[in-house]
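Biologist: I have not seen this one before. Can you walk me through it?
Modeller: Here it is, and we can start with a local detail.

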Amino acid sequence: MLAKTFGAAVYGVNASLITIEVVVAQGLHFHLVGLPDSAVKESEQRVEASLKFFGYRMPRQKVVVNLAPADIRKEGSAYDLPIGLCVLQASEQITTIRSLEEYVIMGELALDGTLRPIKGVLPIAIEARKRGYKGFVLPIENAQEASIVNQLDVIGVATIQEAIEFFEGKKEIVPLETDTRDLFMSQINAYDADFSHVQGQENIKRAMEIAAAGGHNVIMIGPPGAGKTMLAKRLPSILPPLTLQEALETTKIHSVAGKLGAKATLIATRPYRSPHHTISDAALVGGGSFPQPGEISLAHNGVLFLDELPEFKRSALEVMRQPLEDRKVSISRAKWAVEFPASFMLIASMNPCPCGYYNHPEKECVCGPGVVQRYLAKISGPLLDRIDLHVEVTPVSFDQMTANRPAETSEAIRERVIRAREIQITRFASQPGIYSNAMMPSQLVKEICLISDPGRALLKTAMERLGLSARAYDRILKVSRTIADLSASEEIRIEHLAEAIQYRSLDRENWAG
């Protein structure tokens with residue numbers, strides 16, 4: 001007898017449906033075909049132990065399990081539950097009232113028949129609804145995540161016995177439903193860190209506001225303990241709230257990577273990722289034999305913070321250059337390629353030199369001649385070219401630290417940022433794929449960032465006297481356009497240009513010496 005149901009395989013951030021067929025015939029042995037990996041092949045032992053635990057048996061006949069299409073590699077242990085149910089139906093140990101073919105079924109079995117959570121539930125649920133399946137049967141710990149998708153019966157089960165009773169009609173399980181919009185709106189600005197906790201550093205807060213308003217990348221240069229990490233951690237709280245579509249995109253990526261955890265729901269706040277400087281290239285941008293999203297994709301629609309930037313491996317930093325431009329990363333293998341979204345704001349921090357005290361107002365730098373230049377040279381020009389704001393962070397004085405003056409909240413700053421972003425969305429309405437000033441190509445900068453003759457004279461003087469490099473020109477214009485948007489000014493005024501010029505520290509030819 002033939003039994004059939006459906007599972008799914010996740011490639012990139014999308015799912016492909018897999019047909020699971022089981023036939024029990026005359027002969028011996030268990031055969032698993034359809035290009036399975038080792039984890040899938042081992043399902044025979046898990047399924048057999050689980051069935052025995054609840055009084056069922058693995059047929060002592062020829063059992064053939066086919067995972068179709070046969071030319072797509074199947075990975076992981078999530079096919080245990082559908083294989084177990086199909087084996088029972090094909091060997092006539094159960095009689096199902098509900099058809100297995102109307103459901104997508106996924107779950108890893110423990111030896112006692114309980115179900116363990118799986119990865120990639122959200123893209124599978126989206127694909128199941130798209131294909132018109134009645135429901136999705138899965139481990140109860142993943143049910144909350146799948147319930148984000150409406151118009152699909154999400155059936156969470158704790159054991160294979162519970163799944164059997166559901167399909168036999170002996171047990172009614174109420175499909176789990178989540179009001180996605182209400183859940184999303186209730187958590188949209190639930191950030192733990194707030195700018196109101198930061199005393200002093202008003203100039204850095206201003207730079208962060210400009211970065212958030214225009215989607216600009218930032219590098220902060222300053223001594224240890226000046227507050228670089230603390231300020232970066234608070235940046236997501238002043239970014240515009242996620243849209244529902246962005247929240248679904250972000251949740252899909254975290255689901256595929258297995259980062260959501262048990263009973264997780266929609267990610268409603270902008271992600272903040274801060275990998276250690278020992279990270280490998282593949283872990284940063286994504287990859288592996290079966291490609292998984294890297295840190296830059298986990299930071300999609302949010303912030304990627306690289307602390308102590310010169311300490312990162314140069315190769316790891318260089319592979320980020322293309323994703324910073326394209327806002328996606330493509331990973332190719334011999335037979336197929338996957339694409340992960342990677343639209344993030346890069347916030348980097350660094351000490352000005354190995355000892356950390358170059359240009360410090362009070363402490364003396366002990367680094368030898370040429371050491372500062374060699375330290376800065378660890379960051380390549382092409383990478384630095386993709387960073388719009390260079391911000392020098394100075395230590396907070398004792399008086400500022402102990403002052404009890406109320407600081408501005410993230411909510412107040414965020415309102416200004418949202419207004420500036422709305423101006424940009426209107427401005428770029430006819431430009432597909434461009435949503436903020438930071439995304440403008442050079443040609444668009446010439447058309448949009450027009451400056452007056454006094455402004456042009458100021459920019460020329462600044463480039464000559466401060467020794468600014470040519471690549472600083474476009475960056476200054478983009479940042480000054482964002483500053484003008486924050487002021488609700490249609491024109492880029494001279495004070496906007498002057499403020500933008502001061503954010504190009506590392507472009508000064510004499511900065512390190």
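Biologist: What does the chain do just after helix 3?
Modeller: Glu92 follows there and takes a positive phi of about 60°. Keep in mind that this is a predicted model.

Biologist: And what comes after helix 6?
Modeller: Gly169, with a positive phi near 85°.

Biologist: How confident is the prediction, as a mean pLDDT?
Modeller: The mean pLDDT of the protein is 89, and 97% of its residues reach 70 or more.

Biologist: Where is confidence lowest, and where is it highest?
Modeller: Confidence is lowest in helix 17, residues 398–402, at a mean of 64. The highest is strand 5, residues 103–105, at 97.

Biologist: Back to helix 3. How many of its residues are buried?
Modeller: 11 of 11, which makes helix 3 mostly covered. The buried residues include Asp80 and Gln89 as well as Leu81, Ile83 and Val87.

Biologist: And how many in helix 6?
Modeller: There, 8 of 9 are buried. Among them are Gln161, Glu162, Phe166 and Glu168.

Biologist: What covers those buried residues of helix 6?
Modeller: The cover includes helix 2 (43–53) and helix 3, along with strand 5, strand 6 (108–109), strand 8 (135–139) and strand 9 (153–157).

Biologist: How do helix 3 and helix 6 cross?
Modeller: Helix 3 spans residues 80–90 and helix 6 spans residues 160–168; their axes come within 11 Å and cross at roughly 50°. The two helices are therefore oblique to each other. Their crossing is right-handed.

Biologist: Which residues meet there?
Modeller: From helix 3, Leu81, Gly84, Leu85 and Leu88; from helix 6, Ile160, Ala163, Ile164 and Phe167. By class, the residues of this contact are 7 nonpolar, 1 polar and no charged.

Biologist: Why would residues three or four places apart point the same way?
Modeller: An α-helix has 3.6 residues a turn, so residues at that spacing point the same way.

Biologist: Now another pair. At what angle do helix 8 and helix 21 cross?
Modeller: Roughly 95°, with the axes coming within 9 Å. Helix 8 covers residues 202–214 and helix 21 covers residues 472–486. The two are therefore roughly perpendicular to each other.

Biologist: Which residues make that contact?
Modeller: Arg206, Glu209, Ile210, Ala213 and Gly214 of helix 8 meet Val479, Thr482, Ile483 and Leu486 of helix 21. The classes here are 5 nonpolar, 2 polar and 2 charged residues.

Biologist: Changing topic: is Glu145 buried or exposed?
Modeller: Buried, because its relative accessibility is 4%, and the cut-off for buried is under 20%. Glu145 lies in helix 5, residues 143–146.

Biologist: What is Glu145 in contact with, leaving aside its neighbours within four places in sequence?
Modeller: Val121, Leu122, Ser255, Leu260 and Ala264.

Biologist: How many Å separate the C-alpha atoms of Glu145 and Glu364?
Modeller: They are 54 Å apart, and the two residues are 219 residues apart along the chain.

Biologist: Last, the whole protein. How many helices and strands are there?
Modeller: There are 22 helices and 18 strands. The C-alpha atoms fill a box of roughly 90 × 50 × 45 Å, taken along the principal axes. Of the 513 residues, 54% are buried.

Biologist: What about contacts between residues at least 6 apart in sequence?
Modeller: Of those contacts, 75% join residues at least 24 apart.

Note on methods. Residues numbered from 1 in each chain as written. Predicted model: local features only at pLDDT ≥ 70, side-chain atom pairs only at ≥ 80, totals over all residues. Heavy atoms only, no water. pLDDT = per-residue confidence, 0-100. Helix = DSSP H or I, 4+ residues; strand = E, 2+ residues; numbered from the N terminus. Axes fitted to C-alpha atoms, helices over the stretch in contact; angles between N-to-C directions. Parallel < 35°, antiparallel > 145°, perpendicular 65-115°, else oblique. Left-handed = near helix turned anticlockwise from the far one by under 90°. Contact = heavy atoms within 4.5 Å. Nonpolar A, V, L, I, M, F, W, Y, C, P; charged D, E, K, R; others polar. Buried < 20%, exposed > 50% of the residue type's maximum accessible area, 1.4 Å probe, protein only.
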